[in-house]
Amino acid sequence: MEQNVENTEFLKRITAVVPDKKQIEFQNLEYYNFIHFGLNTFTKNEWGSGNVSPHAFELTDIDTDEWAKQLSSTGSTGVILTAKHHDGFCLFQSKYTDYSIAASKYRQGRGDLVKQLSDSCRKYGLKFGIYLSPWDRHEKTYGTEAYNDFFANQLTELCSNYGEIFCFWFDGACGEGENGKKQIYDWNRYFEIIHRLQPDAIISNCGPDVRWIGNEDGKARASEFSVVPSKLQDNLKIASVSQKTEGATVMKKAIGFMDKTLGEREQLLNEELCWYPAEMDISVTRIGWFWRPLYENLHTRSIKNLENCYYNSVGSNATLLVNIPPNTKGELPSKFIKRLVKTRKKIEKRFENKISVDSIDYNGNVVKLNFEPQTIRTVVFSEDITKSQRIESFAIKACGKTVYEGTTVGFKKICILSRPIKKCSEIEIEINRCRLEPHIRKIEVFG
Ligand code: FUL
């Protein structure tokens, strides 16, 4: 039994947990988008019943090139489309259901939005990913073993017909369907299909590669760790703890995901461990994932809020997934895009004036940086995560005073100083608590 969190053997064990190649590549993407679109857009539902006629999908064509162009102008690196939400309506041509875009007037029943958007993404240099809801309110086999065949078949279609998929996003909502239907999902079978047909794809949320940060409000923990107990990888898949009601922003009993601390040493004792980094998912509107005029008019997040979400995620060892829902004309509302472009510009401004550092001196747990005297405002630093995540507490000192105190670093920590430090020519980063020795990849200072 491990009992001592200072024990070297224990620290060796936890620092032996490192990301795989696809997890590192995924973390590099930093900010990417969700598109929630489907029958719900037209019926103004969040969780569609599965009984709405496909004719409610009123459009005959959409310019997905325009979507990709607009999203890329916000600094996005990828797009995840709701190929199927909980209502079961598919935005792609599937041999296994009639409940799809093929039964609508979209491109006279020959349209396929997954194909269209994946092509547009490639054209504009964006990665393309798929949200496929395990919970399906339309499919008759739901609640029986045959549903696993149905889901596996659809997954195979999606893995085979649309080129490279960077992420499969499995929503844990309503693990147990309504009307007493209880579906036992064959997750291992689903994962095996993806591993075989799309070996580089990340499986997020109900999956082993990237974890839900625990809320949809843009909040992160003070310390966000990527090394956590392996049992978390199964949590969202458990029916009894899944989200049961529409609009609930949290899965109340999803042990771990929402805990205030996750991955602290004490929580790792005697646990099997895995590398499971956090992803923050938010919608550009504070409520709802599908478009509604009311949400657009009254609940669009402010630039300040979006900026904070960025610093709380990309700047705090997580990735950021921002939903931008198309409206009933099949357009991404320009209000959303403008807000995100402005947010991007504000963020870029913070990093405009990179200070050229004359010398960096590493001395155990203290790093000293020297440069020409000037005003400094932001320090960004990163650990070499191929050597795991190690730093637990640090302080930045300038002119002999502590100007910033932080905890975890991981992939990236953006340290915004509470006030600009003028005529500064040296900073010192003191690592006060670390799992064995630190491995720093990069330190940058901005004026
Ligand atoms: C939730 C779903 O129920 C919402 O409709 C949305 O898809 C969101 C991303 O996840 O669990």
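Visitor: How do the axes of α6 and α7 cross, and at what angle?
Guide: In this predicted model, the axes of helix α6 (residues 145-161) and helix α7 (residues 187-197) come within 10 Å and cross at roughly 15°. Axes are lines fitted to C-alpha atoms, for helices over the stretch in contact, and angles run from 0 to 180 degrees between N-to-C directions. Helices (H or I, at least four residues) and strands (E, at least two) are DSSP runs, numbered from the N terminus.

Visitor: So is α6 roughly parallel or roughly antiparallel to α7?
Guide: Roughly parallel. That term covers angles under 35 degrees, while over 145 is roughly antiparallel, 65 to 115 roughly perpendicular and the rest oblique.

Visitor: Which residues of α7 make the contact?
Guide: R189, Y190, I193, I194 and L197. Among their partners on α6 are F151, A152 and L155. Contact means heavy atoms within 4.5 Å.

Visitor: New topic. What is the strand order in the open sheet?
Guide: The eight strands run β5-β4-β3-β2-β1-β10-β9-β6, with parallel pairing. Two strands pair if DSSP finds at least two bridges between them.

Visitor: Which strands stand at the edges?
Guide: β5 (202-205) and β6 (211-212). Each has a single partner strand, so one side of each lacks a neighbour in the sheet.

Visitor: How many bridges pair β4 with β5?
Guide: Four, with β4 covering residues 167-170. W169 has S204 in β5 as its bridge partner.

Visitor: And what do β13 and β14 form?
Guide: A hairpin, with two residues between the strands. C399 in the turn has a positive phi of about 50°. β13 (residues 391-398) and β14 (residues 401-406) pair in the antiparallel sense over five bridges.

Visitor: What should I know about the numbering and the model?
Guide: Residues are numbered from 1 along each chain as its sequence is written. Local features need pLDDT of at least 70, side-chain atom pairs count only at pLDDT 80 or more, and totals for chains, interfaces and linings use all residues, while side-chain values use heavy atoms, leaving out hydrogens and water.
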